[in-house]
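Me: I would like to go through a structure with you. Could you take my questions one by one?

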Amino acid sequence: MPQRTPLYQSHVRAGARLVEFAGWEMPVQYEGVLAEHEAVRTRVGLFDVSHMGEVVFRGPKALAALSKVFTNDVGKIVDGQAQYGCLCRETGGIVDDVVVYRRGAEDLLVCVNAGNRAKDFEWLAGHAGGADVRNESDDWAQLALQGPLAAPLLQRLTKVNLSQMRSYRFAPGDVAGIPCLVARTGYTGEDGFELFCPSAQGPALWDALLEAGKPERIQPCGLGARDSLRLEMAYRLYGSDMDDSTTPLEAGLAWVVKLDKGEFVGREALVRQREQGLARKLVGFTLTDPGIARHGYPVLTDGRKVGEVTSGTKSPSLGTSIGLAYVPTALAAEGSTFAVEIRGRPAAARVVKTPFYVRK
């Protein structure tokens, strides 16, 4: 039986099409993926992302303990700042990609991917290093308000000064009278906010945002649009574009791996991989032949499989077929060509610079 977020009944009432995702019954669409995608790119959309998990590190040893399992340098951010990075195994393989919200040196919230809630908590608790590590996932609802009109809409409902809040910053404050953690973060490539609130008040926050957003023609959005939006930005999806068998360096996330910050789990393997050179890399590509590349499709050179597509779709914003794939390093340079096998037929593809979509 799949799990349900606190907003499940809200989605049912709104006529959402529900599907199972990462063990959760979630809305994949309401009006339709294309309409929802366009709403986020041009106006504002609202997502229920309460299936994401929250693990909290507290106490005098919280910062040091989290730093030992996080690839980025959480010691360099200040209170009220968030940071993206990875949790790695000793092999360098990725346990998960997460966002850390620093409420204080003794109070750090780690937002983890839905399908990894239990695994991540077990991993983090096993590396607690004297910190108090707790799984608070069931205590929180999380809504994502995304799009160019998100800020003016949200400002009408909160006294938090959004004009002073830069990207990857956050602050506590009421939204429509509901206590929230208001973060200028998101997974769409547009300006926007992620709102964490007590789980029982998630439905009331959802309703308040939809009501207040009527002048902006706010659109409730499902996982379908969330996926097409993130892929246009070449944002990685755990379980598709990376997992325990891939390292952050292979996945193009070297920018969140601070090898000079001191010891952390996986560092030795990553140093070794960097010194030896990468055998494969995750690249962005567009198809120059008709077709849509999908997860798992083979990447071919001279009819021989040399890699695999990890994510693919027809970009609603660009009208072209885009994707991510692991390929040998020799094929990773911009302009390199290969084929993607689509139902037994090779379709020509070209490596391009990412993100695919650049916000105007």
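Me: Which strand gives the largest share of the lining of the second largest pocket?
Reply: In this predicted model, strand 14 does, with 3 residues of the lining.

Me: How many residues line the pocket, and which lie nearest its centre?
Reply: The lining of the second largest pocket has 13 residues. Nearest the centre are Gly-284, Ala-332, Val-352, Lys-353 and Thr-354.

Me: And how does that lining divide by residue type?
Reply: The lining of the second largest pocket has 8 nonpolar, 2 polar and 3 charged residues.

Me: How much space lies in the pocket?
Reply: The second largest pocket holds about 180 Å³.

Me: Now to the helices. At what angle do helix 2 and helix 7 cross?
Reply: The axes of helix 2 (residues 33-42) and helix 7 (residues 223-232) cross at roughly 55 degrees, and they come within 8 Å.

Me: Which residues make the contact?
Reply: Helix 2 contributes Val-33, Glu-36, His-37, Val-40 and Arg-41, while helix 7 contributes Gly-224, Ala-225, Ser-228, Leu-229 and Glu-232. These contact residues comprise 4 nonpolar, 3 polar and 3 charged.

Me: Is the crossing left-handed or right-handed?
Reply: Helix 2 passes helix 7 in a right-handed crossing.

Technical notes:
Residues are numbered from 1 along each chain as its sequence is written. This is a predicted model: local features need pLDDT of at least 70, side-chain atom pairs count only at pLDDT 80 or more; totals for chains, interfaces and linings use all residues. Side-chain values use heavy atoms; hydrogens and water are left out. Axes are lines fitted to C-alpha atoms, for helices over the stretch in contact, and angles run from 0 to 180 degrees between N-to-C directions. Helices (H or I, at least four residues) and strands (E, at least two) are DSSP runs, numbered from the N terminus. A crossing is left-handed if the near helix is turned anticlockwise from the far one by less than a right angle, and right-handed if clockwise. Contact means heavy atoms within 4.5 Å. Ala, Val, Leu, Ile, Met, Phe, Trp, Tyr, Cys and Pro count as nonpolar, Asp, Glu, Lys and Arg as charged, and the others, Gly among them, as polar. On a 1 Å grid over the protein atoms alone, a cavity is a set of points where a 1.4 Å probe fits but cannot get out, and a pocket is an open set with protein on both sides within 12 Å along at least five of seven lines; lining residues have an atom within 4 Å of a point. Grid points are joined across faces, edges and corners, and a volume is the space filled by probe spheres set on the points.
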